[in-house]
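User: I would like to go through this structure and ask, for each label, what stands behind it.

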Amino acid sequence: MEHWQNRLDELARRHGVPGAVLGISTPSSTGVAATGVVNVRTGAAVRPDSVFHLGSITKVYVTTAVMRLVQDGRLDLDKPVAAVLPELRLGSTDVTDRVSLRHLLTHTSGIDGDVFLDTGRGDDCIARYVAQLADVAQNSPLGATWSYCNSGFSLAGRVIEQVTGQVWDEAMRALVFEPLGLRDTLTLPEDALMRSAAVGHMVEDGVAVPVRQWQLPRSIGPAGLIASTVSDLLTFARMHLDGGSPLTPLSIEQMQAEQVRVDAKYSLAETWGLGWARLVWDGQPLIGHDGATIGQQSHLVLLPSQGLAVALLSNRRTPHLYEDLFREIFAELAGVDMARQPCPPSPPLGLLPTDYLGTYERAGQRIEVLVQSGQPVLRVTTLGKLAEYVSDPVEELPMVALEPDVYLVPLTGSDHWLPVSFYQLADGSPYLHFSGRASALRG
């Protein structure tokens, strides 16, 4: 592990990441490397057992809990959620009556996904959050397209609460954390205070500074509030690689199997399982999930064919550390070339998005496709509660054509590019896909 410790040290310094932990697990060994500080203000060192936010990797834990209840006969993936939550009311009566756990766990419910309502710190916060989904517009028809959906996982968390009779935090401990011996995996800030806990950072005037809020609202717990050490995360990953309690081999297989194909090109993954993103690097199938929360970022990638799991937790959001490290690790340890993100073609195609001009909108974002002074522009406006977590709620990004129906825009503060894909649903409705989310053309 000494080599990877040196690489982590060097790359974290190069990319301005205050602190990070790297974990590598093979069938025969597990190693951890730690670098930097958990908080630049205090200067406390990152330890191998420091706790970082997992962000949306939480969704794989929630899916694991659901599958425990399914294999115990207490839940059914394909029965309407309303059978468990008869009080459920969503923006569409049809979706209220028919949405299932499979829809929620595969991001195909069509419920607007970035609804970050803060319903307080009480044990009823998730129930109160779900009650407010009645006022949230349906973003797309049920099952019509894949679109990353945080709110769907909060709804799944409420189903867990109803079936177990426990608040979500307690249910996760009973269903997943304790059976796996995850002593440093937690959901509440008061538990993090008892440990070496990382603080997120943002860059201001070229300098990394601590963020002003440690955690997202408790009501978003099932979508992204689990925090953990990298060792606990790898223990969780090994269960999904090697089998064993608390899931049966069939449940693990179902989670990893293809459930839905993503319509839009160059999205977060071409296909999804239950909870897991399904990746293909160098012709090899992998599963994984990333997480991003307030100033922190997490990555978990599993290569089942070789029993390899790699995890990275850091307290600044940047793609460079992950891409550089994982590219080296998977090449050296598995002989696999990590997939590369698309970049602008040379020479430029010179296309304009004439057929796609207009305003696309969902609860968390308004996206306008424009042509200004003969150049295509994507104006992105962050809406609602989400606007509180970004430095500038309105961005204008130049668009570069990659294909006739796919454009690229620069990731702010980076040399990376993000795809903007245009496509139609089966009924002909035009949609834009950006940052893993589908947004419908308005008007």
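User: What makes Lys-59 count as lying over the face of Phe-153?

Analyst: This is a predicted model, in which local features need pLDDT of at least 70 and side-chain atom pairs count only at pLDDT 80 or more, while totals for chains, interfaces and linings use all residues. Residues are numbered from 1 along each chain as its sequence is written, and side-chain values use heavy atoms, with hydrogens and water left out. A charge sits over a ring if NZ of Lys or CZ of Arg is within 6 Å of the ring centre and within 35 degrees of the ring normal; Lys-59 is placed at 5.8 Å from the ring centre of Phe-153 and lies over its face.

User: Why is the pair of Phe-326 and Phe-330 called tilted?

Analyst: The structure holds 12 aromatic pairs. For Phe-326 and Phe-330 the ring centres are 6.0 Å apart and the planes stand at 35°, so the pair is tilted, given that rings of Phe, Tyr and Trp (its six-membered ring) pair with centres within 6.5 Å, and that planes under 30 degrees apart count as stacked, over 60 as edge-to-face and the rest as tilted. Both residues are buried, that is, under 20% relative accessible area, where exposed is over 50% and partly exposed lies in between (1.4 Å probe, protein chains only). Ring pairs also link Trp-281, Tyr-322, Phe-326 and Phe-330 into a cluster.
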